Amino acid sequence: MTASKFMNCASNPPANILTVDVEDWYHGISRYVEVPSPKSRLQYSLPIILDLLREYRAKATFFVLGEVAQNFPELVERIVAEGHEVGCHGFSHRHIEEIGAVAFDEEVRKATRLLEKICGSPMLSFRAPIFSITKSTFWGLKIIKKNGYIFDSSIFPTYHPFYGIPNEPCQPHAISFSDKKNNDLEDEIIEFPILTRRFLNTNIPVGGGAYLRFLGQLLLANSVINMNTKGWPATIYIHPWELDSFVPNVKFNPAIKFITFHNVGKTKRYLETLLRTFKFVSIRDFCRGDIT
Ligand SMILES: [Zn+2]
């Protein structure tokens, strides 16, 4: 896989990119509250997405957390068996600034080894937990590349207290680690930033997760069309726990709890609208031009 091959595909997008961060409901709130002995819902929630994708003949990249792969290898096997791409979401779902370079490298290596063993094929695509590649953690991309990854989707080109690089390009692009003018392709990683919408000179986050649950599917759909008219695919993301109507009985900051679980019961309908409207594929298949 080369950057030039990727650029050929991206100049005339026949499809958009759907990504799923495969983590449990308690990973999503782990920065705010520690849940003692949490009960997993993934065996219920992940099949909801897989069944929907099968129904609408869509494919996705599933960024699987190492912890999840360790506990539920059979779920990872089902993702592979249904023709989706398995990518890596790190191991423990901690922000990379919090754990630092050495621990991040160890976590990426451990999760990659585990996922490759279950899938029987090399990992190509990576997403850092909490989109935690920022200006101050840009070093993380080198670690991701060093561990064999060709594609990354960790950058949200917007502002958020925990993530985001507001001035990063919004379309898929190659990021170079070299200062040389004629960069070797080995020094590049292909970035698929999460979908944003330009408004009042600012990138508004719209590409999935809580933004989809608060803003609804129409703004997201309109933003996908806007991206496609410029000749680029849109990259959107979703979590299995967002399609589960389960709201945990755990006490923590009420405002954050509201934001985290708002409209979880409606997300399945929102996703169905998007799947009916657009063709979605995995990052791997998009870049291979393997889209039927
Ligand atoms: Zn995550």
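Predicted model: local features only at pLDDT ≥ 70, side-chain atom pairs only at ≥ 80, totals over all residues.

Reader: Which residues of α3 are buried?
Author: They are L42, S45, L46, P47, I48, I49, L50, L52 and L53. Helices (H or I, at least four residues) and strands (E, at least two) are DSSP runs, numbered from the N terminus.

Reader: What span should the 14 residues of α3 have?
Author: The expected span is 1.5 Å times one less than the number of residues. For α3 (residues 42-55) that gives 20 Å, and the end C-alpha atoms are 20 Å apart, so the two agree. Just after α3, R57 takes a positive phi of about 50°.

Reader: At what angle do α3 and α11 pack?
Author: The angle is about 25°, and the axes are 10 Å apart. Axes are lines fitted to C-alpha atoms, for helices over the stretch in contact, and angles run from 0 to 180 degrees between N-to-C directions. α3 is therefore roughly parallel to α11; angles under 35 degrees count as roughly parallel, over 145 as roughly antiparallel, 65 to 115 as roughly perpendicular and the rest as oblique.

Reader: Which residues meet there?
Author: From α3 come I48, L52, L53 and E55, which meet K268, L271, E272 and L275 of α11. Contact means heavy atoms within 4.5 Å. The residues of this contact are five nonpolar, no polar and three charged. Here Ala, Val, Leu, Ile, Met, Phe, Trp, Tyr, Cys and Pro count as nonpolar, Asp, Glu, Lys and Arg as charged, and the others, Gly among them, as polar.

Reader: And how does α3 pack with α5?
Author: α3 and α5 pack at an angle of about 5°, with axes 11 Å apart, which makes α3 roughly parallel to α5. In this contact L42, Q43, L46, P47, L50, D51 and R54 of α3 meet E74, L75, R78 and I79 of α5. Six of the residues are nonpolar, one is polar and four are charged.

Reader: Changing topic, where is F131, and is it buried or exposed?
Author: F131 lies in the loop between β4 (125-126) and α7 (139-146). F131 is buried, at 6% relative accessibility. Although F131 is not a glycine, its phi is positive, about 45°.

Reader: What about L200, buried or exposed?
Author: L200 is exposed, with a relative accessible area of 71%. L200 sits in the loop between β8 (196-199) and β9 (202-205), and its phi, near 50°, is also a positive value in a residue other than glycine.

Reader: Lastly, what does N16 touch?
Author: Leaving aside residues up to four places away in sequence, N16 touches V224, N228, P233, A234, F278, K279, F280 and V281. N16 belongs to strand β1 and is buried, with a relative accessible area of 3%. N16 and N226 are 210 residues apart along the chain, yet their C-alpha atoms are separated by 12 Å.

How values were computed: Residues numbered from 1 in each chain as written. Heavy atoms only, no water. Buried < 20%, exposed > 50% of the residue type's maximum accessible area, 1.4 Å probe, protein only.
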